[in-house]
Amino acid sequence: MTGARRRILVVEDDPETARQLVESLATSGYQADLAVNGGDALSRGRSTDYAVMTVDRMLPDIDGIDIIRCLRNDGIVTPALIISALGEIDDRVRGLRAGGDDYLVKPFAFAELLARVEALARRSATVVKETVLRVGDLELDLVSRTANRSGREIELLPREYRLLEYLVRNEGHVVSRAMLLQHVWDLHFDPTTNVIDVYVGRLRRKIDTQQRYPLIHTVRGVGYYVRASG
Amino acid sequence: MLLAKTLRSSTLKLALACIGIFGAVVFALFGYVYWATVSHVRSRADHAVAAEYSVLQAAFDAAGRRGLIASIEQHIAEQRLADGYYLLADPSFAPVAGNIEVWPSELSGPRGSQDVGVQERNAESQTPVLLRTKFDTLPDGYRLLVGTDIGHLSQFAGKMEAALAGGILLLLVLAGFATTAVTRRTVGRIEAINATSRAIMHDGLGRRIPVRGTRDEWDQLAENLNLMLDRIEALMGEVKQVTDNVAHDLRTPLTRLRGRLEKASHQEFDPERSRALVADTMRELDVVLTIFSSLLRISRIEGLNSRGTFSVVDLAQVAGEVAELFDAAAEAKGRRVKFESGGRVRVIGDRDLLFDAISNLIDNAVTHGGGNVQVTVRDDDQGPTVSVADRGPGIPLEERKHVLKRFYRIERSRSSPGHGLGLSLVAAVVQLHRARLEMEDNGPGLKIWLQFQPVITEGSLSVAPEASGTRC
């Protein structure tokens with residue numbers, strides 16, 4: 001969270017949820033503007049350059065999806081996180097097709113929301129063409145799709161490699177289980193078992209066993225991040 | 001009330017229209033008979049009169065006026081023409097011979113053929129006789145009239161009119177009775193259905209429409225409606241069952257939570273303990289939310305009828321990924337999830353839902369089963385299948401049909417984690433894909449497999465267009 005405070009547009013009509021959102025985003029270094037209805041959201045979205053916007057589906061005057069569609073029509077590409085109490089199955093598809101960039105189903109943990117907002121904010125900032133990713137003494141070769149630590153190659157299954165690559169690309173930032181499922185397995189539903197944790201556990205054994213310091217860290221109840229120290 | 005309904009009934013209107021058409025047909029039929037009979041009688045009278053006239057004409061030609069008069073007298077005496085009337089008048093219309101009192105004033109022309117009323121000579125009654133006549137002027141200036149009584153024709157017409165009136169009256173009375181009976185019966189049957197509908201709206205789904213056992217279309221309608229009501233009642237029962245289960249499964253953890261918080265509110269504040277309390281509470285709440293979202297997800301899948309998100313999916317790839325994902329979990333228990341397939345197996349479906357369904361099957365096998373879990377994907381004549389087999393205790397035969405129900409948990413697994421919703425979700429996904437779910441004994445263990453419909457068309461299915469409009 002470097003540089004000036006980034007601005008974020010929160011479109012939410014429930015006062016309690018809106019207050020919680022604005023507060024927790026402010027704590028994380030965002031300047032959050034609140035829009036409580038569709039008209040407000042459209043005028044703010046058009047006039048200000050936001051890093052990210054979160055849009056509730058069910059607003060009193062308009063469907064959140066229509067706000068995103070209208071802004072996209074005006075050429076505004078601010079990454080949008082759709083928040084909805086509706087089920088994921090078909091609404092997710094509709095939401096993403098309308099120009100939403102990510103989808104979060106109520107109820108959600110604020111840590112999950114923050115992780116996703118962070119990921120969306122980063123996405124607009126970093127598009128770097130590299131062939132090797134490094135974190136500490138871990139090297140990922142993006143061409144041969146292999147990993148080594150201190151020059152010693154680590155045997156990974158293809159899916160394990162993708163998981164590691166996603167964690168490394170988000171170095172220093174927490175990624176949630178749902179985000180892993182979404183980006184590594186291309187799935188869009190909430191995991192109801194701890195199977196992801198077990199899978200990450202196996203990857204962690206391959207990466208961190210008998211090393212000077214651990215790379216993969218757990219944030220209890222939220223997800224994981226990769227960092228070279230601490 | 002029934003009378004008012006009868007009057008408004010469409011059956012009554014239909015019956016009245018029928019009576020109208022039928023009455024018009026009867027009227028036309030009577031009219032035709034009347035017209036045909038009258039013209040027949042007239043034409044026969046004309047023939048008879050014409051023949052008689054030529055006989056008399058011949059007598060005049062042969063023997064002159066004297067012979068004609070004699071012939072007339074003779075014809076009257078012998079009644080050569082039934083109901084025959086004759087009159088010979090001089091040029092000043094004074095009668096000379098015949099059985100008619102005076103020359104009818106209507107017949108002033110030299111010749112003609114006309115219906116006319118005349119007075120019979122020396123008759124007791126003063127009523128005129130209606131004649132069909134032929135008259136002509138003879139060469140000597142005298143006029144000869146021959147006629148026949150057609151009074152019976154007007155009697156016949158009167159009888160016809162009476163018959164017509166009587167027939168119409170009878171028709172109206174009978175049709176009136178029939179209409180009333182049919183309409184009352186129809187209105188009665190419909191009223192029975194309406195009454196049942198109202199009773200159902202007031203008192204619930206217990207009522208049924210009475211069936212009379214006549215096997216007619218009314219009975220069939222009633223039976224079909226009753227079957228529909230049975231189905232609705234069954235569905236409502238299921239919904240109630242689920243609601244009760246939801247209430248139970250959500251209330252239990254919520255009550256536990258409430259109790260814990262209530263107890264904490266009475267205790268001295270202790271940072272360590274309250275941190276633990278908050279952590280526990282959030283964990284329990286997560287369980288409740290998980291159950292809730294699983295239920296929503298199942299209802300959602302069951303309610304999906306558009307397969308807008310369907311495309312061609314490689315079943316082998318999806319099952320392989322799930323197997324690999326769960327292999328890590330099985331490994332932690334010292335077991336393995338093994339995967340086998342003969343290459344790409346295409347099905348038309350939703351990748352997320354298939355992943356979720358197969359996840360639940362493998363998760364069950366790893367959590368509740370035993371030994372290694374074998375996941376196999378095949379594509380044979382009957383279509384693509386994915387099977388998940390374990391070496392655990394299996395599911396008793398009598399419990400197999402229940403395990404797909406929501407919240408159902410077989411007795412021995414109640415202590416292990418789970419909410420009894422996994423297989424319900426699988427069942428919902430299977431139904432959406434028009435697939436089949438089968439269970440069999442793996443001796444020991446359980447083998448459960450999903451049989452999909454074969455893919456017929458190439459390429460991916462088109463995606464339904466976006467329906468909602470944009471308001472900016």
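I count two strands as paired if DSSP finds at least two bridges between them. Helices (H or I, at least four residues) and strands (E, at least two) are taken as DSSP runs, numbered from the N terminus.

**Entry 1: conventions.** I note that this is a predicted model, in which local features need pLDDT of at least 70 and side-chain atom pairs count only at pLDDT 80 or more, while totals for chains, interfaces and linings use all residues. Residues are numbered from 1 along each chain as its sequence is written, and chains are lettered from A and ligands numbered from 1 in the order in which they are written.

**Entry 2: chain A overall.** I found eight helices and twelve strands in chain A. Of its 230 residues, 38% are buried, where buried denotes 20 or more other C-beta atoms within 10 Å of the residue's own, exposed denotes 12 or fewer, and partly exposed lies in between, with C-beta atoms placed from the backbone. Among the contacts in chain A with a separation of 6 or more, 56% come from residues 24 or more positions apart.

**Entry 3: the three-stranded sheet of chain A.** I looked up the strand order and read 10-12-11 in an open sheet of chain A with antiparallel pairing. Strand 10 (175-176) and strand 11 (216-219) of chain A stand at the edges with a single partner strand each, so one side of each has no neighbour in the sheet. Strand 11 and strand 12 (residues 223-226) of chain A run antiparallel and are joined by four bridges. Within strand 12 of chain A, A:Gly223 is the residue opposite A:Val219. Helix 6 (residues 158-169) of chain A lies across strand 10, strand 11 and strand 12 of chain A, at about 70° to strand 12. For such angles, axes are lines fitted to C-alpha atoms, for helices over the stretch in contact, and values run from 0 to 180 degrees between N-to-C directions.

Entry 4: A:Val135 has A:Leu138 in strand 7 of chain A as its bridge partner.

I then turned to A:Leu34, which lies in strand 2 (residues 30-35) of chain A. A:Leu34 counts as partly exposed because it has 18 C-beta neighbours inside 10 Å. Leaving aside neighbours within four places in sequence, its contacts are A:Val10, A:Glu12, A:Ala18 and A:Val22.

**Entry 5: the five-stranded sheet of chain B.** I read the order 2-1-5-4-3 for an open sheet of chain B with antiparallel pairing. Strand 2 (95-98) and strand 3 (112-118) of chain B are at the edges, each with a single partner strand, so one side of each lacks a neighbour in the sheet. Neighbouring strands of this sheet are turned by 25° against each other on average, direction ignored. Six bridges join strand 1 (residues 84-89) of chain B to strand 5 (residues 143-149) of chain B. B:Gly84 stands opposite B:Thr148 in strand 5 of chain B.

Notes: Two residues are in contact if their C-beta atoms, placed from the backbone, lie within 7 Å.
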